[in-house]
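These are my notebook entries on one protein model. I set down what I looked up, topic by topic.

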Amino acid sequence: MRRLAIALVAVTLLSPRTGLAQAQRGSLSGTVRSQESGELLVGVSVEVVGTGVRALTDGAGQYRIEALRPGAYTLRFAMLGHAVRSERVQVRSAGQVLDVALPLDPVRLRALTVLLERTRLLGGPAGRSSIAGSAAYVALEEERGDVYADVHRALRQVPGVTVQEEEGYGLRPNIGMRGAGSNRSSKITLMEDGVLIAPAPYAAPAAYYFPTTGRMEGIEIRKGSSQIKYGPHTIGGALNLISSSIPDVLRVQTEVEGGGDRTWKVRLRAGDSHSHIGWLAETYQLGTDGFKRLDNGGDTGFELRDYLVKLRLNSGRGGAGYQELELKVGRTEHRSSETYLGVTDTDFAADPVRRYAASQMDVLDNDHEQYQLRHFLRLADRLDLTTTAYRNEFARNWYKLESVGGRNLARVLADPEQFAAELAVLRGANSDADALKVRANNRSYLARGIQSVLGLRLEAIGPHELELGIRYHEDEEDRFQHDDGYRMVEGRMERTSAGAPGSQSNRVGRAAAWSVFLQDRLVLPRWTLVPGVRYESIGFT
């Protein structure tokens with residue numbers, strides 16, 4: 001850890017952002033519009049070339065960049081579906097304004113507009129205004145470059161969404177919508193880039209996994225019947241996390257941060273696009289020693305390492321048969337020194353961040369791999385087909401204290417006087433062999449499937465946008481758990497017996513599902529009607 005901390009400090013000192021932050025003398029702001037229509041553009045990337053500093057336009061099409069040393073800069077404006085524009089500007093003082101109009105890239109724009117409709121809940125950041133129903137979009141990279149790495153902080157600004165914290169860092173959120181339960185986010189449809197991302201959304205939806213929020217660029221939320229396209233959970237709502245997009249121009253970004261409790265974060269991202277190919281490589285890593293205090297010392301933090309690669313191949317931009325093929329591969333490694341064991345009311349009042357010695361062996365290990373292959377084909381100006389094949393593998397083992405002296409932990413903490421001997425052991429008093437039972441909650445998950453959406457635009461009565469979708473999905477949960485015995489010796493736990501693998505639970509649950517939906521979006525002069533129907537056939541074994 002010491003060598004890692006030194007390396008992080010070195011990178012921070014060499015970071016161009018550090019140099020810019022030291023000279024907070026000038027600022028630059030402005031508005032970005034469409035050159036053709038004059039419409040304000042939301043989500044435009046505004047980059048100060050050569051510095052690593054960038055911003056995004058907000059809901060009013062405005063951007064702002066602070067802490068620029070006086071001098072000449074090149075600003076690059078980029079947005080999917082629009083041509084890239086570069087502007088040279090001389091920054092002299094605070095309050096300088098530069099307004100820009102971006103021209104369209106017509107062929108690419110039409111393809112992207114349709115692709116976003118097929119793979120996202122809102123069709124992009126600006127799609128909220130045209131959604132029939134309750135919807136919200138949270139930009140995780142705000143105009144000043146702040147990153148919401150904690151999903152709790154991001155979702156608290158959305159009405160109708162309830163969030164229950166678990167460990168204080170937003171790693172395993174409990175999310176509910178419109179009164180539906182929030183336990184393990186099992187009552188909502190959780191997706192990443194339009195694909196089911198929960199480890200086993202049908203067979204075992206209440207699992208300890210949530211995508212790494214820090215590497216996302218946005219969160220889409222739809223609630224109630226407006227998200228009927230996105231089952232299996234169509235009562236509460238759907239939540240879609242949008243991973244980093246392949247940039248239109250060469251972009252290299254580095255972020256290094258440090259804080260209290262030896263907290264550190266590193267984010268490296270690079271990508272580029274050419275006529276027929278685009279790519280992105282990214283890693284997001286986060287760690288801390290934790291804010292809780294373990295009796296006799298020890299780690300109460302976590303380490304998370306996330307890796308993502310995207311590769312896109314596309315045809316020429318002319319003609320009706322435009323095609324894109326995008327491969328996405330990701331891996332997440334996560335280790336938390338976290339526990340289920342609490343403390344008594346008296347001990348909590350004295351020290352709310354205390355952890356008993358008997359929780360020193362409690363560790364959660366997670367590994368997640370995802371694979372997605374998406375093909376988009378624009379068959380004609382009014383007909384398109386989007387097909388995605390996916391596979392998610394998730395393994396987790398939460399090794400945590402199960403009982404003390406054969407007693408349930410909750411009973412011991414609720415009545416410390418009756419169970420004084422057991423409580424003493426939890427606090428570190430010497431014990432007999434096997435007085436402490438630690439369970440290896442070892443489980444593995446597999447989810448895979450293929451989904452297609454056919455889109456057709458008609459002009460009868462008013463513009464009709466018909467969508468027909470079909471998905472085949474199968475997933476499973478494999479439990480293979482055992483208990484180990486420990487004794488406490490002067491505040492340290494020693495293993496005294498090893499349980500047989502699978503002796504506490506050895507079972508597999510599977511599910512297979514066919515899903516079909518049909519939806520029509522009819523746009524009238526003052527109304528938008530969106531009738532639709534969804535059918536799910538689910539088999540459990």
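The entries below cover a sheet, aromatic pairs, salt bridges, backbone details and a surface patch.

**Entry 1: Ground rules**

I note that this is a predicted model, in which local features need pLDDT of at least 70 and side-chain atom pairs count only at pLDDT 80 or more, while totals for chains, interfaces and linings use all residues. Residues are numbered from 1 along each chain as its sequence is written, and side-chain values use heavy atoms, with hydrogens and water left out.

**Entry 2: An open sheet**

I looked up the strands first (strands are DSSP runs of E with at least two residues, helices are runs of H or I with at least four, and both are numbered from the N terminus). Two strands pair if DSSP finds at least two bridges between them. Four strands, in the order β3-β2-β5-β6, form an open sheet with antiparallel pairing. Which strands stand at the edges? They are β3 (53–56) and β6 (85–91); each has a single partner strand, so one side of each lacks a neighbour in the sheet. On average, neighbouring strands of this sheet are turned by 25° against each other, direction ignored. For such angles, axes are lines fitted to C-alpha atoms (for helices over the stretch in contact), and angles run from 0 to 180 degrees between N-to-C directions.

I then followed β5 (residues 71–78). Its antiparallel pairing with β6 runs over seven bridges, and A72 has Q90 in β6 as its bridge partner. The two strands form a hairpin with six residues between them, and G81 in the turn has a positive phi of about 90°. Strand β2 (residues 45–48) pairs with β5 over four bridges, also in the antiparallel sense; there, V46 has F77 as its bridge partner.

**Entry 3: Aromatic pairs**

I searched for ring pairs (rings of Phe, Tyr and Trp, the last by its six-membered ring, with centres within 6.5 Å; planes under 30 degrees apart are stacked, over 60 edge-to-face, the rest tilted). The whole structure gives nine aromatic pairs. Y63 lies in strand β4 (residues 62–68) and F77 in strand β5, 14 residues apart. Are Y63 and F77 buried or exposed? Both are buried, a label for under 20% relative accessible area, with exposed meaning over 50% and partly exposed in between (1.4 Å probe, protein chains only).

The rings of Y209 and F394 have centres 5.3 Å apart and planes at 55°, so I recorded this pair as tilted. Y209 is in the loop between β13 (195–196) and β14 (216–223), F394 is in strand β24 (residues 383–404), and 185 residues separate them. Y209 counts as buried at 11% relative accessibility, and F394 counts as buried at 2%. I also found Y169, F291 and F302 linked into a cluster by ring pairs.

**Entry 4: Salt bridges**

Side chains of opposite charge can pair when their charged atoms come close. I counted a salt bridge where a side-chain nitrogen of Lys or Arg is within 4 Å of a carboxyl oxygen of Asp or Glu. The structure holds 44 salt bridges. One of them joins D193 and K328 at 2.6 Å, N to O. D193 is in the loop between β12 (189–192) and β13, and K328 is in strand β21, 135 residues apart. Both residues are buried. They also belong to a network of salt bridges with E192, R215, D306 and K310.

D367 and R331 form another salt bridge, with the closest N and O atoms 3.3 Å apart. D367 is in strand β23 and R331 in strand β21, 36 residues apart. Each counts as partly exposed: D367 at 30% relative accessibility, R331 at 28%.

**Entry 5: Backbone details**

I found a cis peptide bond between G231 and P232, with omega about 20°. P232 is in the loop between β14 and β15 (237–243). D261 has a positive phi near 60° although it is not glycine; it sits in the loop between β16 (251–259) and β17 (263–273). R262, in this loop too, has a positive phi near 55°. D261 is partly exposed at 42% relative accessibility, while R262 is exposed at 57%.

**Entry 6: A surface patch**

Last, I looked up a nonpolar patch on the surface; its residues, among them L250, W279 and L373, have about 960 Å² of accessible area together. Patches are made of residues with over 30% relative accessible area and no salt bridge, like charges being joined within 9 Å and nonpolar side chains (Val, Leu, Ile, Met, Phe, Trp, Tyr) within 5 Å. Accessible areas come from the Shrake-Rupley method with a 1.4 Å probe, and for residues only the protein chains shown count as cover. β18 (277–288), β20 (302–314), β21 (323–336) and β23 (363–380) each supply at least two residues of the patch. L373 lies in β23 and is partly exposed, at 40% relative accessible area.
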